[in-house]
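Please load the model in your viewer and keep the selection panel open. The stops below go one selection at a time.

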Amino acid sequence: MVENMIQTNQLTKGYGQTAVLNGVDLIVPKGAVVGLMGKNGSGKTTLIKCLLGLLRIEHGTASILGCDPWNLSAAAKERIGYVPQVVNLYDWMKVENVIRYTASFYSAWDYAWSDELAKRWHVPLDKRVQTISPGQLQSLALILAIGHRPELLILDEPLASLDPIARRDVLRSLLNLSDDGSRSILFSTHISVDIERIATHVAILQGGKLAHFAELDDLKEHVKRLRVRMSQDIPKSFNVPGALRTQIEGGTALVAIPNVTDGLLENLRDRWHADIDVEDLNLDEIFLELNGDA
């Protein structure tokens with residue numbers, strides 16, 4: 001039985017002389033919902049395509065459902081769902097026919113569920129694909145990806161064209177898909193609030209490597225902002241070991257730090273005779289701090 005749905009070791013991929021992925025080590029355990037984050041050009045789409053066998057990796061190894069991505073069998077593909085960043089379907093076909101055609105490739109297609117999703121997400125079955133809106137097209141792509149209830153679902157910016165109400169409903173459906181702990185989801189998005197809603201883990205690509213991978217709750221528990229106040233102007237020599245960023249204005253300093261402990265706070269208070277408040281950060285703020293862009 002496969003315990004890790006995805007596993008890479010020093011995965012490397014580039015285009016010409018440009019390295020995009022430079023030794024990515026990633027493990028997605030069974031039951032995990034992983035939000036994949038990174039700046040534009042950080043390699044999120046390239047990583048996803050390597051995992052699916054759409055691009056051949058140059059160095060290192062990768063496995064998906066325990067299989068080599070470049071040589072996935074038909075049986076393995078039946079266990080995977082995928083929504084690409086750019087959705088291209090059969091424009092001339094009616095939506096209902098696209099769904100039925102796709103379903104014919106899956107022995108376990110859940111027709112009742114796909115029909116229910118189309119109705120709930122207001123995807124018109126009787127319209128031709130070329131006439132539906134971008135949001136409806138993205139919803140259709142999601143139906144095609146999850147109609148067979150895959151063990152592993154990989155999504156590349158799947159909700160960018162959806163309005164907030166539609167996004168929330170799609171996320172609820174993804175949670176329902178993964179709530180039994182036997183299925184995993186890896187999804188790339190710039191919408192950090194969507195990750196906060198459903199992800200169990202966060203993976204951050206930076207400089208061609210997986211710079212951070214942690215459970216979402218642990219990440220939010222450990223990365224904090226300290227607000228340090230002194231009775232006089234804070235000296236330039238002020239520093240906090242391991243700080244991601246320090247901003248000083250008069251008698252106040254803001255310090256972003258990846259691992260706050262009681263011992264650290266006690267040491268700072270004693271050393272600088274300062275009042276210190278610990279402030280929580282949302283995922284968007286944490287991402288900016290970890291990338292040095294706050």
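Which backbone oxygen lies 2.8 Å from a polar atom of the side chain of T8? Select T8 and V24 in this predicted model: the oxygen belongs to the backbone of V24. T8 itself is in strand β1, which covers residues 4-15. With a relative accessible area of 5%, T8 is buried, because buried means under 20%.

**The whole chain**

Zoom out and show the C-alpha trace. The C-alpha atoms fill a box of roughly 70 × 40 × 35 Å along the principal axes. Colour by secondary structure to see 10 helices and 13 strands. Of the 294 residues in the chain, 47% are buried.

The structure holds 13 salt bridges. Begin with E151 and R79, whose side chains meet in one of them at 2.9 Å, N to O. This pair links distant parts of the chain, 72 residues apart: E151 sits in the loop between α5 and β6, and R79 in the loop between α2 (74-77) and β5 (80-83). Both ends are partly exposed, E151 at 30% relative accessibility and R79 at 27%.

Next select D280 and K224, which form a salt bridge at 2.4 Å, N to O. D280 is in the loop between β13 and α10 (283-290) and K224 is in strand β10 (residues 224-229), so the pair ties together parts that are 56 residues apart in sequence. Is each end buried or exposed? D280 is exposed, at 59% relative accessibility, whereas K224 is buried, at 8%.

R225 counts as buried, with a relative accessibility of 15%.

For the last stop of this group, select R167, D194 and R197 together; salt bridges link them in a network.

**A negative patch**

Switch to a surface view and select E215, D217, D218 and E221, which gather in a patch of negative charge on the surface. Helix α8 (residues 216-222) supplies the largest share of the patch, three residues. D218 lies in this helix and is partly exposed, with a relative accessible area of 40%.

**Two histidines with positive phi**

Select H122 and check its backbone: phi is positive, about 60°, although H122 is not a glycine. H122 is in the loop between α4 (111-120) and α5 (134-146), and it is exposed, at 61% relative accessible area.

Then go to H273, where phi is also positive, about 50°, again in a residue that is not a glycine. The loop between α9 (262-272) and β13 (275-279) holds H273, which is exposed at 68% relative accessibility.

Select R56, in the loop between α1 (44-51) and β4 (59-64). R56 is partly exposed, at 49% relative accessibility.

Finish at P158, in the loop between β6 (152-156) and α6 (164-178). P158 is buried, with a relative accessible area of 2%. Its C-alpha atom is separated by 17 Å from that of V202, which is 44 residues away along the chain.

Conventions:
Residues numbered from 1 in each chain as written. Predicted model: local features only at pLDDT ≥ 70, side-chain atom pairs only at ≥ 80, totals over all residues. Heavy atoms only, no water. Patch = residues over 30% accessible without salt bridge, like charges linked within 9 Å, V, L, I, M, F, W, Y side chains within 5 Å. Areas by Shrake-Rupley, 256 points an atom, 1.4 Å probe, with all protein chains shown as cover. Salt bridge = Lys/Arg side-chain N within 4 Å of Asp/Glu carboxyl O. Lys, Arg positive; Asp, Glu negative; His and termini not counted. Charge placed at Lys NZ, Arg CZ, Asp CG, Glu CD. Helix = DSSP H or I, 4+ residues; strand = E, 2+ residues; numbered from the N terminus. Buried < 20%, exposed > 50% of the residue type's maximum accessible area, 1.4 Å probe, protein only. Polar contact = N/O pair within 3.5 Å; in protein donor to acceptor, adjacent residues only side chain to side chain.
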